[in-house]
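Reader: I am new to this structure. Please take a close look at the salt bridges, and then go on to helix packing and loops.

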Amino acid sequence: MLSRKDLFKDTLRKTAYAWKRINELRLSEEEATKLRFYVDQPAYTDLHWGMFIPAIKGQGTEEQQQKWLPMAFKMQIIGCYAQTELGHGSNVQGLETTATFDPQTDEFIIHSPTLTSSKWWPGGLGKVSTHAVVYARLITDGQDHGVNGFIVQLRSLDDHSPLPGITVGDIGMKFGSGAYNSMDNGVLRFDHVRIPRNQMLMRVSQVTREGKYMQSDVPRQLVYGTMVYVRQTIVSDASRALSRAVCIATRYSAVRRQFGSQNGGPETQVINYKTQQSRLFPLLASAYAFRFVGEWLKWLYTDVTQRLEANDFSTLPEAHACTAGLKSITTSATADGIEECRKLCGGHGYLSSSGLPELFAVYIPNCTYEGDNVVLLLQVARFLMKTVSQLGSGKKPVGTTAYMGRAGNLMQCHCEVQKAEDWLKPSVILEAFEARAARMSVACAKSLSKFSNSEEGFAELSADLVEAAVAHCQLIIVSKFIEKLQQDIPGKGVKRQLETLCNIYALYLLHKNLGDFVSTGCITPKQGALANEQLRLLYSQVRPNAIALVDAFNYTDHHLGSVLGCYDGNVYQKLYDKAWKDPLNDTVVPDGYREYIRPILKQQLRTARL
């Protein structure tokens, strides 16, 4: 086990080598992203490429992009995204760092006026970044214009020491012993640091030489473009993390045998127990579902980007709400799923060598960074309430809310399922999920209308609103899985297996949220029972191909990092060998024997005199 310093230096070594190979092989941006992924340790490069550069692309003028991006692409400067503060995270409008314009020198003065205004958590900030996109309250002539982004140099490009007025360092150890501790999450304070006026990101708003604040005709929602990009990568990462955990748990469940021996024969494979299948196979289906919705989000980001270039901002609010919700749903499900996979592996899953504790510790920050998951769902709920309020105006809902345009029918429709196999029809599943989402949103909108103060109503009904947002987001994932199956899918029998997984994913969600479906009148209790009956049959269908379905993720043993999930299934020998490699086994007699164990055994402990 490496110390924190050694772990951090090891990460620096790996990222430097990855950058060397990227240049030697002249890799494209997409290829370089894949290579960095296989470093498989959180590193400052995640923030440089994933946040710093997209922020400049999305919020900088063409002139600013021409100045800063070439240096960033060559890594002549290394950047991070300094938004979160000690006292404020999700509430960006509550940030306290100030950027006050000085018209005499044509500069902004960046300052941390309080302890809670200290930037806290930005990855890459603690020890590496030379620059940051800093979010601060823009003040001109005593007037506060809200939060804006500024490019600020933090460290010398000669000796890497902090510049005057900059106090910067690492915030310390985080959850786990390895995990996210390879990342230098930082703390940053400014003491009246001056930067040129042209280092304010000015695509959305500007400050003139005379100190006049101006807003461009580009809407403030432009910043959503950066968020859409970041959150679509997070959804794709959720699929990868969950698929790793599921691969480990599925392979081990096939190797492990417990109970059920008949006449001295072999015991039953754990994977054949229905209790194991009902916990494991929905996670396998979820890994595939998240992969396909991640692919769709990649298309959505491309579409949004093309529209932005054509000055078409019409789909931005819907895309922002969609990606916010999917980030929340997929990361929460993945974090819970990794932990469930650990439990599915029994006691051995708790071993570090299983790979699951480390995977869990590395992954769980996803539930908080880039938006707390509950806060994001409340943002989705606001968008849904706005959509419902506009239904009578003739404005048609677009994108993932298009089904709301049929709210009249969805409020009245009745599920036609009469037997278990009826639940295998995609149209039946889709209608049930659409009806549930529409009815929950409309019910919340009706409840909100009873409050004279809408904000008070929103706060009072926030728990119901979160549930409505969850229903909407689960509908998106189910619908994108179904859409994927309408495409040509190569490989004999592959499409059939994916159809089975799609049905498992949808019916598992229905089973877990049965109260929503029944209470809103979408289905009857009898139809809910039939869905559960069909779900159990689907588990039996996926069982013969379970190993093939996780092998399809194509993880090498090295990348999987788990003795329980090894490809050859030789789990017990690998567990035994791994144990003897532990440093504690370097000596037969442990250090400390003579000082602390022998005196106890020989009754030689001295008692203190009072």
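Author: A salt bridge here is a side-chain nitrogen of Lys or Arg within 4 Å of a carboxyl oxygen of Asp or Glu. Side chains of opposite charge can pair when their charged atoms come close. By this rule the structure holds 29 salt bridges.

Some ground rules come next. The model is predicted, so local features need pLDDT of at least 70 and side-chain atom pairs count only at pLDDT 80 or more, while totals for chains, interfaces and linings use all residues. Residues are numbered from 1 along each chain as its sequence is written, and side-chain values use heavy atoms, with hydrogens and water left out.

One of the salt bridges joins Arg251 and Asp551, whose closest N and O atoms are 2.8 Å apart. This pair links distant parts of the chain, 300 residues apart: Arg251 belongs to helix 5 (residues 223–255) and Asp551 to helix 17 (residues 546–551). Helices (H or I, at least four residues) and strands (E, at least two) are DSSP runs, numbered from the N terminus. For burial, the rule is that buried means under 20% relative accessible area, exposed over 50%, and partly exposed in between (1.4 Å probe, protein chains only). Arg251 is buried, because its relative accessible area is 6%. Asp551 has a relative accessible area of 26%, so it is partly exposed.

A second salt bridge is formed by the side chains of Asp312 and Arg307, at 2.9 Å from N to O. Asp312 is partly exposed at 26% relative accessible area, and Arg307 is partly exposed at 28%.

In a third, Lys480 and Glu483 meet at 3.3 Å, N to O. Both residues sit in helix 13 (residues 462–484), three residues apart, which means that about one helical turn separates them. Lys480 counts as buried because its relative accessibility is 13%, whereas Glu483, at 37%, counts as partly exposed.

Salt bridges also occur as a network, in which Asp10, Arg13 and Lys14 are linked.

Axes are lines fitted to C-alpha atoms, for helices over the stretch in contact, and angles run from 0 to 180 degrees between N-to-C directions. Angles under 35 degrees count as roughly parallel, over 145 as roughly antiparallel, 65 to 115 as roughly perpendicular and the rest as oblique.

On the side of helix 13, Gln474, Ile477, Val478, Phe481 and Ile482 meet Leu498, Leu501, Cys502, Tyr505, Ala506 and Leu509 in helix 14. The residues of this contact between helix 13 and helix 14 are ten nonpolar, one polar and no charged. Contact means heavy atoms within 4.5 Å. Ala, Val, Leu, Ile, Met, Phe, Trp, Tyr, Cys and Pro count as nonpolar, Asp, Glu, Lys and Arg as charged, and the others, Gly among them, as polar.

Another pair of helices is helix 1 (residues 4–24) and helix 2 (residues 29–37), with axes 10 Å apart and an angle of about 155°. Helix 1 is therefore roughly antiparallel to helix 2. Their crossing is right-handed. Ala18, Arg21 and Ile22 in helix 1 meet Ala32, Leu35 and Arg36 in helix 2. Here the residues of the contact of helix 1 with helix 2 divide into four nonpolar, no polar and two charged.

Leu356 lies in helix 8 (residues 356–363) and is buried, at 1% relative accessibility. Setting aside neighbours within four places in sequence, Leu356 is in contact with Ala245, Ile248, Ile338, Cys341, Arg342, Cys345 and Gly349.

Most residues other than glycine have a negative phi. Asp106 has a positive phi of about 60° although it is not a glycine; its place is the loop between strand 2 (98–102) and strand 3 (107–111). Asp141 likewise has a positive phi, near 50°, and is located in the loop between strand 5 (131–140) and strand 6 (143–153). Asp141 counts as exposed because its relative accessibility is 80%.

Terms used:
A crossing is left-handed if the near helix is turned anticlockwise from the far one by less than a right angle, and right-handed if clockwise.
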